[in-house]
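Here are a few exercises to work through with the model open beside you. Try each one yourself before you read its solution.

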Amino acid sequence: MQSGPKGAILIIDDEEGIRAVLQAILSSIDFPTIEASDAKTALATLAENKDSIQACMLDMNLEDSYGEDLYDKLKAISPDLKVFAMSGIFGEEIKERLGDREISGLISKPFSTVQLIETVQAGLES
């Protein structure tokens, strides 16, 4: 039995360079991606494509939104969306901000290609 196509991963980060690197890494393992540079674009993109987006890479420190606030809005649109939290400052502050929100994986910036792929694959399988 052949599985269907993989759903896209929405990359939400206000840094163009980070989005480009994530897109390159994810496409190298056959994941289609869609990019959003801010919260408003991310929400509109998810609303328009919620049936074809399976996960998102969420920068916890966007210029226009706190990650945890955007998380709640994304999950309201797509409750089954898998969310990978990204930040350069993981530690107690981020854990407190996330609270009991379900995260499919934590990605520390800077990240290595191998760590990113392993985190995404493990998170999507769970």
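**Exercise 1.** At what angle do α1 and α5 pack, and how far apart are their axes?

*Solution.* Keep in mind that this is a predicted model. Start with what you need: two packed helices are described by the angle between their axes and the distance between the axes. For α1 and α5, the angle is about 65° and the axes lie 11 Å apart.

**Exercise 2.** Work out which residues of α1 and α5 meet, and what kind they are.

*Solution.* On the α1 side, pick out Leu22, Ile25 and Leu26. Their partners in α5 are Thr113, Leu116, Ile117 and Val120. Now sort the residues of this contact: six are nonpolar, one is polar and none is charged.

**Exercise 3.** Find the buried residues of α1 and say how they are arranged around the helix.

*Solution.* First, locate the helix: α1 covers residues 16–28, so to speak 13 residues, and spans 18 Å from first C-alpha to last, close to the 18 Å expected. Next, look for residues under 20% relative accessible area: in α1 these are Ile18, Arg19, Leu22, Ile25 and Leu26. Viewed down the axis of α1, they fall within an arc of 135°, so they line one face of the helix. The face turned away from that buried side carries the exposed Glu16 and Ser28.

**Exercise 4.** Besides α5, what do the buried residues of α1 pack against?

*Solution.* Go through the strands: the partners are β1 (8–12), β2 (33–36), β3 (53–59) and β6 (82–87), along with α5 (113–125).

How values were computed: Residues numbered from 1 in each chain as written. Predicted model: local features only at pLDDT ≥ 70, side-chain atom pairs only at ≥ 80, totals over all residues. Heavy atoms only, no water. Helix = DSSP H or I, 4+ residues; strand = E, 2+ residues; numbered from the N terminus. Expected span 1.5 Å × (residues − 1). Buried < 20%, exposed > 50% of the residue type's maximum accessible area, 1.4 Å probe, protein only. Arc of directions from axis to C-beta. Contact = heavy atoms within 4.5 Å. Axes fitted to C-alpha atoms, helices over the stretch in contact; angles between N-to-C directions. Nonpolar A, V, L, I, M, F, W, Y, C, P; charged D, E, K, R; others polar.
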